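Please consider the sequence and the three-dimensional structure shown here. The paragraphs after them move from the whole chain to a single element.

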Amino acid sequence: MSTATATARPGAVLADLLPASRVRDAALVVGGAALTGLAAQLSVPVPGSPVPVTGQTFAALLVGTALGARRGFLSLALYAVAGLAGVPWFAGGEAGAGLVSFGYVLGMLLAVAVVGALARRGADRSPLRMVGTMVLGEAVIYAVGVPYLALAAHLSASEAIAAGLTPFLIGDALKAALAMGAVPAAWKALGKR
């Protein structure tokens with residue numbers, strides 16, 4: 001007999017509190033991809049940069065944290081493949097691999113696996129560990145996105161850093177602060193630690 005509320009077990013992420021099934025996992029993967037696609041539409045151009053500020057990275061890192069490494073990776077893989085196939089849900093309603101910002105999408109694939117694995121180890125349960133998790137996830141995204149930007153846009157390393165990293169640091173700090181409060185608060189509200 002299944003109960004409506006599951007108990008948190010060691011190594012659990014928020015999604016594990018839902019009753020387990022393949023349907024649940026498929027819905028979470030599709031939902032994570034859709035959330036990332038919707039958040040990418042919150043797009044603000046940055047003067048001097050071909051990369052806009054979006055809610056995409058924040059959503060992707062929350063997906064990884066809430067779903068865990070495997071489901072989070074599958075969500076972002078679905079997001080990436082659908083965008084490559086023509087679904088206009090990359091930043092600003094774009095699609096395809098020809099975008100100079102596509103490296104950030106590739107970085108998100110790796111980042112969700114990292115933050116998801118850390119969440120399984122309890123990194124999403126306290127504000128301080130959560131901010132560290134988000135900062136590490138952002139670093140992984142930039143480690144792939146900035147070099148891709150340099151190659152795709154024919155920029156030097158310093159130009160790519162100036163256009164694809166520096167303008168986003170304050171926004172990333174705000175995203176980390178939001179996550180620092182939101183995810184541990186969700187665990188606390190659910191009475192699980």
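The structure is a predicted model. Its protein chain contains 7 helices and 2 strands, and these follow one another along the sequence in the pattern α-β-β-α-α-α-α-α-α. The radius of gyration of the chain is 17 Å, close to the 16 Å that the globule rule gives for 193 residues, so the chain is as compact as a globular protein of that length. Along the principal axes, the C-alpha atoms fill a box of roughly 60 × 35 × 20 Å.

Of the 193 residues, 46% count as buried. Among the contacts with a separation of 6 or more, 68% are made by residues 24 or more positions apart.

Helix α6 spans residues 157-164, and its buried residues are A160, A163 and G164. These residues cover an arc of only 80 degrees around the axis, which puts them on the same side of α6. An α-helix has 3.6 residues a turn, so residues three or four places apart point the same way. Against which elements do the buried residues of α6 pack? Their partners are α4 (102-120) and α5 (127-152).

Methods
Residues numbered from 1 in each chain as written. Predicted model: local features only at pLDDT ≥ 70, side-chain atom pairs only at ≥ 80, totals over all residues. Heavy atoms only, no water. Buried < 20%, exposed > 50% of the residue type's maximum accessible area, 1.4 Å probe, protein only. Helix = DSSP H or I, 4+ residues; strand = E, 2+ residues; numbered from the N terminus. Arc of directions from axis to C-beta. Contact = heavy atoms within 4.5 Å. Rg over C-alpha atoms; globule rule 2.2 N^0.38 Å.
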